[in-house]
Amino acid sequence: MKKLINDPSDVVDEMLEGMVSAHPDRLRRLDGTEVLVREDAPVDGKVGIVSGGGSGHEPTHAGYLGEGMLDGAAAGEIFTSPTADQLEEMVAACDAGEGVLCVVKNYEGDVMNFDTAAEMVEMDDVDVRQVVVDDDVAVEDSLYTSGRRGVCGTILVHKVAGAAAARGDDLDEIVEHAEGVVENVGTMGTALTSCTTPEKGEPTFDLGEDEIELGIGIHGEPGTERVDQMPADDVADHLTEAVLDDLELDAGTEVVTIVNGMGGTPLSELFVVQRRVDELMDEHDLDVWDAWVGDYMTSLDMEGCSITVCALDEERKELLAAPADTPAMTVLE
């Protein structure tokens, strides 16, 4: 294992220190926690939008802290949910009296600990709601979930909910916007290699020299099917068609697409995939309103990608186009 780390047990702590030192005008760390919040949190008159989960998916989650997106992000250890106590502190720190929305990826540890944290803050009269994202079309139940996994579509929920909060929508309205994304988004991913966690120091699973894994999650868990390596267009076809089969979109539907890197894939290769995804949208008579390409939700150093498609209406388009200013995403007016 070759990694730019010190002690493997210090990776998350030192990563968070580094994020704050790089963005001291945007982020601050809650004392004694692995929680980062906006420097100005809680923001008066605004619903708080928070998320969190295991580390190793950067820039998710703290990379999306800032105006127009998240107010708080809790970081667990690598691929491990934050504790309920940490989540409770995050929610409390982001509550300005208008309530807090928790955006939760559908993994059992995350769901359980967010549920517990919500019960704890509700005893202090905080109005807290949760939206659970389950956009992975590859599997119904997995090693880490009951139901479908929450993956890259979560970023669209962050953006829509954050924009709605920034313009002054109330908690009920923001929940409706967030659930609208969850109901209209699908994702599927592939791995060319496994990832290597700092603590383990070796690949999470074995892949042959000429093999790839289809239907992978974001925790290094194996996918649904192991196949011989294939050209980029064939990979894009397999992933995109699976997502579109799940969504069953009408011709003429406007969509946003994401070609997301898993952490170890060159941007040049992601654009090769994007080229084919755009062709497939045209073949299905879908209108691409916007296309995102890059590392949005990764799996450490895994080589591979995921493809996300989300159906849009006028409200979602307005919220996705709204300004955002975060370390990992900037949307200009």
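How many nonpolar, polar and charged residues does the lining of the largest pocket have? By class, there are 9 nonpolar, 4 polar and 4 charged residues, where Ala, Val, Leu, Ile, Met, Phe, Trp, Tyr, Cys and Pro count as nonpolar, Asp, Glu, Lys and Arg as charged, and the others, Gly among them, as polar. The model behind these counts is predicted, so to speak of local features takes a pLDDT of at least 70, side-chain atom pairs count only at pLDDT 80 or more, and totals for chains, interfaces and linings use all residues. Residues are numbered from 1 along each chain as its sequence is written, and side-chain values use heavy atoms, with hydrogens and water left out.

Pockets come next. Rolling a probe the size of a water molecule over the atoms shows where empty space is left. On a 1 Å grid over the protein atoms alone, a pocket is an open set of points with protein on both sides within 12 Å along at least five of seven lines, a cavity is a set where a 1.4 Å probe fits but cannot get out, and lining residues have an atom within 4 Å of a point. Grid points are joined across faces, edges and corners, and a volume is the space filled by probe spheres set on the points.

The largest pocket holds about 350 Å³ of space. It is lined by 17 residues, and Ile5, Val11, Met15, Glu58 and Leu300 are the closest to its centre. Helix H1 (residues 11-22) gives the most to this lining, with 4 residues; helices (H or I, at least four residues) and strands (E, at least two) are DSSP runs, numbered from the N terminus. The second largest pocket comes to about 210 Å³. Among its 14 lining residues, Leu192, Ala232, Val235, Glu269 and Val273 sit closest to the centre. Helix H7 (267-283) is one of the elements that supply at least two residues here, and H7 gives the most, with 4.

The largest cavity has a volume of about 80 Å³, and of its 15 lining residues Glu58, Thr60, His61, Ala62 and Ala75 are the closest to the centre. The second largest cavity, with about 60 Å³, has 13 lining residues, with Val151, Gly189, Ile216, Ile218 and Ser306 closest to its centre. Strand E7 (residues 185-191) provides the largest share of that lining, 3 residues.

Helix H4 (residues 153-166) and helix H5 (residues 171-182) pack at an angle of about 155°, their axes 9 Å apart. That makes H4 roughly antiparallel to H5. Axes are lines fitted to C-alpha atoms, for helices over the stretch in contact, and angles run from 0 to 180 degrees between N-to-C directions; under 35 degrees counts as roughly parallel, over 145 as roughly antiparallel, 65 to 115 as roughly perpendicular and the rest as oblique. The residues in contact (heavy atoms within 4.5 Å) include Leu156 and Val160 in H4 and Ile174 and Val181 in H5. By class, this contact has 10 nonpolar, 2 polar and no charged residues.

H6 and H7 pack at about 45°, with axes 9 Å apart, and are therefore oblique to each other. Asp233 and Glu241 in H6, and Arg275 and Arg276 in H7, are among the residues that meet. Here the contact divides into 8 nonpolar, 1 polar and 5 charged residues.
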